[in-house]
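Me: I'm new to reading protein models, and I'd like to go through one with you. Could you take my questions step by step?

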Amino acid sequence: MRIALILLAFIGDEVQAVPTLLECTRALEPGVEIMSSNAVLSTSVTVSFERDGETVACGGEYIPGETLTVVLSSTPTREMFEVTGGVLSTDGCGAYTGSESDGTNEENFCIDLGFSRCPKQGSSSQEMVAPSDGSDITAKVGFANGFGTVSITETCTLVAANDDTVVDLVIATDDLSILEDAVVLAELATTLSGDGPFTVFAPNNEAFQNLPEGVLTTLLNDIPALTDVLLYHV
């Protein structure tokens, strides 16, 4: 499941009516009619994420459950942030929250459909909490330079950080069961479960079974030699 963030910036006297044109059932995509004009794709303005003031590059990783800031590359007059999957903060949400057409409000705007929105004024950032289920976060931005002109940026995606250790991966792979036994015998499970990074050239079961007769048994009974062999592959 992906998380879509959409920020709308509208300039002009007609902005007061915009929230009712963006009820939860209406998607914000290029080609969709918004403010009497079809939205178009734009690459002139970008959206990104920040962690503690540092940019998290699109395609990078987030930590499940962490707080991130969604950032637009320019500061518009009015904005509407939308996040699907994660939890968007309602702090600072302005008077343009909610949609009269479906009865939603500032606290639960569109959450029933899997995303939330927070309209703001003169702000280029909004905090959100990343999902805890490991789903992707996808962000995009819509902005308008005047009534009837809405552009939408390309998407920016983050993926959940992989917390699996080398040992986790070995245990999860049936064809590495002999290696798993060897790692346990050599008491390397704790080491390989620690902070890496580790690159392991992992011999599968067939590789062990192709050793000359008796070598594997001898190796498994000689812990120092077994440890040396295993560490040679790390």
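Me: Is Ser42 buried or exposed?
Reply: First, a word on what we have: this is a predicted model, where local features need pLDDT of at least 70, side-chain atom pairs count only at pLDDT 80 or more, and totals for chains, interfaces and linings use all residues. Residues are numbered from 1 along each chain as its sequence is written, and side-chain values use heavy atoms, with hydrogens and water left out. Buried means under 20% relative accessible area, exposed over 50%, and partly exposed in between (1.4 Å probe, protein chains only). Ser42 has a relative accessible area of 10%, so Ser42 is buried.

Me: Which side chain makes a polar contact with the side chain of Ser42?
Reply: A polar contact is a pair of N or O atoms within 3.5 Å; within protein, one must be able to donate a hydrogen and the other to accept it, and residues adjacent in sequence count only if both atoms are side-chain atoms. Ser42 sits in the loop between β4 (40-41) and β5. At 3.0 Å, the partner of its side chain is the side chain of Ser44.

Me: What is the order of the strands in the open sheet?
Reply: Strands (E, at least two residues) and helices (H or I, at least four) are DSSP runs, numbered from the N terminus, and two strands pair if DSSP finds at least two bridges between them. Here β5 (residues 47-51) is joined to β8 (residues 67-72) by four bridges, and to β6 (residues 54-56) by three. β6 and β10 (87-88) are the edge strands, each pairing on one side only. The five strands, with antiparallel pairing, run in the order β6-β5-β8-β12-β10.

Me: Which residue in β6 is the bridge partner of Phe49?
Reply: On the β8 side, Phe49 stands opposite Val70. Over in β6, Glu50 faces Thr55, and the bridge partner of Phe49 is Val56.

Me: Which element has the highest mean pLDDT?
Reply: pLDDT is the predictor's confidence in each residue, from 0 to 100. The protein averages 74, and 75% of the residues score at least 70. Among the elements, helix α1 (residues 18-21) has the lowest mean, 41, while the highest, 93, belongs to β6.

Me: Why should I be careful where pLDDT is low?
Reply: Over residues 95-104, for one, the pLDDT is below 50.

How values were computed
Contact = heavy atoms within 4.5 Å.
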